[in-house]
Amino acid sequence: MSANKPGGASARQGEGRGVTPRSLDYSTWYTDVVTKAELADYSPVRGTMVIRPYGYALWENIQKDLDRRFKETGHQNAYFPLFIPQSFLQKEAEHVEGFSPELAVVTHAGGKELEEPLVVRPTSETIINHMFSKWIQSHRDLPLLINQWANVVRWELRPRLFLRTTEFLWQEGHTAHASEPEAREEVLRILQLYRDFVQDMMAIPVVPGRKSDSEKFAGAVETFTIEAMMGDKRALQAGTSHYLGQNFAKAFGTQFQNENNELDFVHQTSWGVSTRLVGGVIMAHGDDKGLRLPPHIAPIQVVIVPFIRSDEDRARVLPIIDQIRQALPQIRFQVDDRPSLSPGFKFNEWEMKGVPLRMEIGPRDLDKNQIVLARRDTGEKEFVDLDRATHALPDLLEQIQAGLWEQALAFREANTRTVETYEEFKAQLDEVGGFFLAHWDGTPETEAKIKEETRATIRCIPLDSPQEPGRCMVTGEPSKQRVLIARAY
RNA sequence: CGGGGUGUAGCGCAGCUUGGCUAGCGCGCCACGUUCGGGACGUGGAGGCCGUGGGUUCAAAUCCCACCACCCCGACCA
């Protein structure tokens with residue numbers, strides 16, 4: 001039976017109340033979760049999406065915490081324009097080569113053809129350097145630590161909700177420093193910041209590492225990455241931090257006078273995470289009932305479903321709810337008192353939306369002076385004495401945060417293998433998939449061969465794995481360290 | 001760009017092979033009532049340029065041609 005006939009995978013999409021099971025069709029499961037949890041919806045222009053209020057609230061929570069971390073490390077927010085003169089892109093050779101194929105270009109405006117076409121920014125290194133070159137004169141102007149929250153456009157060939165949309169939201173940090181060591185320190189500081197954020201807030205374990213030359217950012221000297229494992233065992237690049245060296249500084253003349261009265265080019269970094277993180281949290285934690293959100297970033301942490309059948313019930317139940325909410329102002333509550341829907345319907349809906357904790361309360365509970373708490377991560381229900389509720393709720397949220405982390409970590413560990421030979425690698429990749437730690441001779445030729453033959457890529461050269469002499473699994477040439485290889489999004 | 005599909009009510013689909021009745025079904029939506037501790041039920045109701053343009057025909061959702069859009073798989077990528 002072909003995939004698009006009735007009964008095939010895509011025919012199931014959107015059907016019924018639940019989502020397509022992950023085991024049946026992971027890709028359709030993902031799309032189902034995004035649309036049914038009301039995170040996003042398709043927009044009329046190919047590859048673009050509308051981020052719906054619930055999805056946007058999730059992004060805002062991500063933004064809020066990251067923004068705080070950026071500011072704590074001395075960065076300031078600014079905003080640079082969407083339009084960039086086409087000639088700017090062409091000033092840095094690798095940059096233009098890397099981005100040309102995916103640019104959206106404005107050629108007409110105000111009813112006339114433009115003198116010079118404008119590129120809709122795919123990233124802002126060029127326009128920011130243009131400005132930096134005006135703002136920086138002295139070593140006293142450095143370091144310059146700028147971040148911007150923005151939308152960017154990349155005309156990707158194969159879009160996918162949140163993971164790769166034509167237009168996406170992100171933050172891009174751009175910094176200029178007086179020396180290479182200082183800039184490199186910044187690159188790793190941000191990588192660590194990203195790692196802490198994704199692990200502590202999103203409960204997704206990541207492998208920090210350096211990208212191979214062929215995988216690095218167009219125009220960078222070195223690119224660092226955090227790589228996460230998704231529920232189908234594929235890798236997701238969750239954030240990148242680039243050491244740009246003096247490449248852009250030289251292209252744009254971003255110079256300063258140092259303490260020795262010499263003119264020098266600044267050393268730069270850039271780094272970003274995007275709305276792709278939302279896709280990451282879906283695929284790292286979601287199950288066949290839908291989304292499972294880590295409490296630290298969940299727009300709604302506790303949904304309260306009251307059982308109310310009469311005014312008398314209402315008079316008993318609502319004050320208790322108010323009391324609990326007032327006692328816990330730090331928790332994000334939502335009370336679902338929609339009268340026309342049955343409790344079962346509500347339970348399923350909030351499970352689809354991944355709310356970490358559900359609190360049930362009705363006359364029957366109040367008779368016993370208790371409430372019911374149901375965890376989204378384990379599905380467990382427990383009865384809690386009313387007077388213990390204000391302690392139980394925050395405790396449980398932390399347990400759920402930790403529980404999701406433990407599950408994701410255990411899953412990654414169980415699906416990460418060290419392999420010695422290319423045959424072993426290929427067999428295991430097809431049979432079980434996942435992350436592979438293997439020796440590589442460091443050449444682009446071998447890297448290309450692996451990619452060509454297996455569709456897996458070298459995700460990174462991990463930073464925190466030990467130096468360990470070995471032989472490349474493909475060529476047998478010497479290698480100093482194992483690298484992380486996987487199929488990726 | 002290559003391969004595979006799909007466009008019919010808000011969503012999911014049937015109808016097309018073999019042209020013809022008032023274009024159906026499920027879910028959702030609206031009103032009222034009964035329900036409500038794991039996806040409730042009854043009654044009544046609203047909602048359609050059948051993707052777009054052209055052609056064939058007495059007659060087109062249905063046949064022919066062209067176009068457009070979107071989805072899935074690959075190459076590019078945060």
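Trainee: How many helices and strands are there in chain A?

Mentor: The model is a predicted one. Counting the secondary-structure elements of chain A gives 15 helices and 25 strands.

Trainee: Why does chain A count as being as compact as a globular protein of that length?

Mentor: For 489 residues the globule rule gives 23 Å, and the radius of gyration of chain A is close to this value, so chain A is as compact as a globular protein of that length. The C-alpha trace spans about 80 × 55 × 50 Å along its principal axes.

Trainee: What percentage of the residues of chain A count as buried?

Mentor: A residue is buried when its relative accessible area is under 20%. Chain A exposes about 22,100 Å², with carbon and sulfur atoms supplying 49% of that area. Of its 489 residues, the buried part is 53%.

Trainee: Which element gives the largest share of the lining of the largest cavity?

Mentor: The structure holds one cavity of 30 Å³ or more, and its volume is about 40 Å³. The lining consists of V198, M202, I204, A228, M230, L236, A238, L277, G280 and V281. Two or more of these residues come from each of β11 (235–245) and α9 (276–285). The largest share, three residues, comes from α9.

Trainee: How many residues of that lining are nonpolar, polar and charged?

Mentor: Gly counts as polar in this division, and G280 is among the lining residues. The lining divides into one polar residue, no charged residues and nine nonpolar.

Notes. Residues numbered from 1 in each chain as written. Chains lettered and ligands numbered in written order. Predicted model: local features only at pLDDT ≥ 70, side-chain atom pairs only at ≥ 80, totals over all residues. Heavy atoms only, no water. 1 Å grid on protein atoms, 1.4 Å probe; cavity = no way out; pocket = protein on both sides within 12 Å on 5 of 7 lines; lining within 4 Å. Points joined across faces, edges and corners; volume = space filled by probe spheres on them. Helix = DSSP H or I, 4+ residues; strand = E, 2+ residues; numbered from the N terminus. Rg over C-alpha atoms; globule rule 2.2 N^0.38 Å. Buried < 20%, exposed > 50% of the residue type's maximum accessible area, 1.4 Å probe, protein only. Areas by Shrake-Rupley, 256 points an atom, 1.4 Å probe, with all protein chains shown as cover.
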